[in-house]
Amino acid sequence: MFITSIQGNAGRDDTPVAHNEWILPSIQAVHDVGRTEAVKSGDTAGLVLARLGLPASEAANIIHAAAPVYNLKNVHIGHKFQKKVSDQSIEITYQIDAKERLVLTAEPGKTWRAEMVQRPLFTRTNMVEGVIQDSLFYDAGKAGLEDALTIQLVNIFAWDIDFVRDLRKGDAFKVLYEESFDDEGRRVDYTILSAEFINRGHVYTAIRYKDKKGNIEYYDAEGRNLRKTYLKSPVRYSRISSRFSVSRKHPILGYTRAHRGVDYAAKAGTPIRAIGDGKVVYKGWKGGYGRFIEIRHTNGIHSTAYAHMRRYAKGIRKGSFVKQGQIIGYVGMSGLATGPHLHFEFRSRGRAVNPLRVKHKAAKPVPKTEITAFRLKAKEMMQIMAVQSQLNAWG
C-alpha cells in the first residue's frame with residue numbers, strides 16, 4: 001500500500017503550538033514512496049516542504065518540531081530535503097552537511113520527533129610521492145596530490161622548512177593520507193596520516209597522533225612535536241626583499257639607518273599571520289610604519305611587530321588575544337613604503353633581533369606515558385609508506 005503526505009492539520013490554524021505535544025498526523029495512501037527536493041536560490045524550508053507535497057500548516061509544525069534540534073531557517077542552496085513514507089510512518093530528512101542530517105519522524109496518532117543523526121563516513125588510504133623539479137605545487141599536482149593536501153603538507157612542516165626560500169631542485173616528498181566520503185559517495189575531507197620531506201638532504205618526518213586527551217599533533221619519529229613556539233614566517237609564499245641590518249639606505253628617505261626587521265614582498269591583500277600566541281598591545285597608525293600591530297607573546301619576553309598593512313583583520317583590536325597562525329591583517333604599503341610588503345620585527349626583552357636567526361623551541365612532545373603507543377604507530381606508518389613506495393617503484 002502506498003502512503004500519502006500528511007493531512008492531519010488541514011483546516012486548522014496555521015500557527016504552530018509552542019510545545020512538543022501539538023499535532024497528531026494522519027497518514028493516507030499516495031502513489032510516491034519517496035521524493036527528494038534540493039534547496040534553490042530564494043527558498044525557505046517551507047517552500048521546499050511544499051514541493052514535497054506538504055501543506056503549509058504541516059510544514060509549519062515540522063519546522064517548529066525541528067527547532068530544539070536544528071533551526072530550519074538555516075537552509076543552504078543545494079542541500080536536500082527527502083520525504084519517505086510507509087505504512088508505519090512518514091520521515092522528513094534534511095542533509096545539514098557531510099557529517100550530520102536532521103531526521104523528523106511521525107507515526108499515525110503520534111507527534112513528530114526530531115533528532116540529529118550522524119551520517120556514516122567511508123575512508124580509504126592513498127600515498128603520493130614526488131620530486132621537486134619546478135615548484136612544490138606543480139610537482140605535487142603532477143604526482144597526484146591536490147592543492148588542499150599540499151597546503152596541509154606545507155602547514156605540517158612550516159616550522160622547519162621555509163617553502164619559499166629553502167626548497168631546492170631534487171627535494172622529495174611522500175604523503176600518506178586518508179580520504180573520507182559521505183554515504184552518497186562524495187569526498188568530504190582529507191587527512192595526512194604521515195609524511196616525509198627531504199629538503200637539502202635532510203629528512204623530515206611527520207606522524208599524526210591523537211593522545212588520550214583527544215589532542216591531535218604531528219610529531220617526528222622520536223615523538224618530538226613539529227609545532228614550534230613561533231612560525232618561521234608571518235606571510236606564506238613570499239620572498240624576502242630586505243633583511244635585518246644595522247645600516248641600510250632607506251629607499252624613500254635616502255639616508256642610511258638601521259633596518260631592524262625583515263621585509264617580505266607579497267601581493268597587496270596577502271594574509272599576515274601572528275607567528276605565535278599572544279596579546280595585541282598596539283593597533284593603529286604609527287608614523288612611517290603605517291598601519292601597525294604589535295603582539296606581546298605569552299612568555300612575556302618576546303614581542304613581534306607587523307607594519308605597512310593594507311587593512312586589519314576583522315575582530316583584531318588592542319587587547320585582543322590571538323593564536324599562532326591567526327590572520328591579523330593584510331599586506332599593503334601604508335606609511336613609508338615603495339611597494340606592497342610586510343615589515344616584520346622580532347623583539348626580545350624590547351630589543352630588536354634578527355627574526356631569521358631566532359631559534360624556536362618545540363611544543364610539548366608525546367606524553368611520556370604514551371610514547372610506547374606512539375612509537376608503534378610511527379613504525380606502522382613508516383612501514384606502510386616504505387611498502388607503498390616500493391610498489392610505486394615497481395609500477
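I began with charges over rings: a charge sits over a ring if NZ of Lys or CZ of Arg is within 6 Å of the ring centre and within 35 degrees of the ring normal. By that rule Arg311 lies over the face of Tyr330, at 4.2 Å from the ring centre, and Lys286 lies over the face of Tyr282, at 5.2 Å from the ring centre.

I noted that this is a predicted model, in which local features need pLDDT of at least 70 and side-chain atom pairs count only at pLDDT 80 or more, while totals for chains, interfaces and linings use all residues. Residues are numbered from 1 along each chain as its sequence is written, and side-chain values use heavy atoms, with hydrogens and water left out.

Next I searched the whole structure for aromatic pairs and found 13 (rings of Phe, Tyr and Trp, the last by its six-membered ring, with centres within 6.5 Å; planes under 30 degrees apart are stacked, over 60 edge-to-face, the rest tilted). One of them is edge-to-face, because the rings of Tyr230 and Phe346 have centres 5.4 Å apart and planes at 85°.

I then checked burial (buried is under 20% relative accessible area, exposed over 50%, partly exposed in between, with a 1.4 Å probe and protein chains only). Tyr230 is buried at 3%, and Phe346 is buried at 2%.

I also looked at Tyr282 and Phe292, whose ring centres are 5.6 Å apart with planes at 75°, so this pair is edge-to-face. Tyr282 is partly exposed at 28%, whereas Phe292 is buried at 0%.

Last, I recorded a cluster in which ring pairs link Phe157, Phe163, Phe173 and Phe197.
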